[in-house]
Amino acid sequence: MIIIIDYGMGNLRSVQKSLERNGFNALISSDPDKVKDAAGLILPGVGAFADAMDNLINSGMAEAIKEFVKTGKPFLGICLGMQLMLTTSEENGWYQGLDLIQGEVLKLPTSVKVPHMGWNTLKLTKEHPLIKGIEDGSYFYFVHSYYVSTANDDDTVALSHYGIDFCALMAKDNIMGVQFHPEKSSLLGQVILKNFGRMV
């Protein structure tokens, strides 16, 4: 069973429906105890970093996520969910993240219209099971005002360009994150979620 974490931030149902359409059992849950028994875990999210971290900590979900990651089972963050995996974020001040992958969340440059909203291409920088069947230059759907900068280039699997090159997909061991919304990215988004389901 894949658990989609409900912490009051994000369009969880569309992620669940996408997984179910591809033949995977997916349950939306706000119960940290259920996380322990999950075969795979997804942290989606839309909204502010600080509020999201507060919700995760106060619900006991932050600790449950860290314990889950130690099991080596697949863990995927989507959009804000990906950003929460990093060490720190400068959104509305500096805040601590889950620190699962070292790096920081920074504001997109003022030279471009913020938020970055719409379809954009991926530049693949290395191979990974999550992008099996995805070609370089493929389009995915983004909505974000902040971007991820990983401390270690090896943790970046794909870049996208909007004013600057930024990390659009990251992975380290069993931890993965995508800045775009696979559940809104048509057929190629389905491929990403199907790859995650297969890894689970």
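Strands β12 and β13 form a hairpin with 1 residue between them, and G163 in the turn has a positive phi of about 80°. Here strands are DSSP runs of E with at least two residues and helices are runs of H or I with at least four, both numbered from the N terminus; two strands pair if DSSP finds at least two bridges between them. The structure is a predicted model, in which local features need pLDDT of at least 70, side-chain atom pairs count only at pLDDT 80 or more, and totals for chains, interfaces and linings use all residues. Residues are numbered from 1 along each chain as its sequence is written, and side-chain values use heavy atoms, with hydrogens and water left out.

The pairing of β12 (residues 156-162) with β13 (residues 164-172) is antiparallel and spans 6 bridges, with L159 opposite C167 in β13. From β13, 4 bridges lead on to β14 (residues 175-178), again in the antiparallel sense. A171 has M176 in β14 as its bridge partner. The hairpin of β13 and β14 has 2 residues between the strands, and D173 takes a positive phi near 55°.

Elsewhere, a parallel pair is found: β1 (residues 2-5) and β2 (residues 26-29) are joined by 4 bridges. The chain passes from β1 through helix α1 (residues 12-21) to β2 in a right-handed β-α-β crossover (with the strands pointing away from the viewer, the path from the first strand over the helix to the second runs clockwise). I2 is bridged to A26 in β2.
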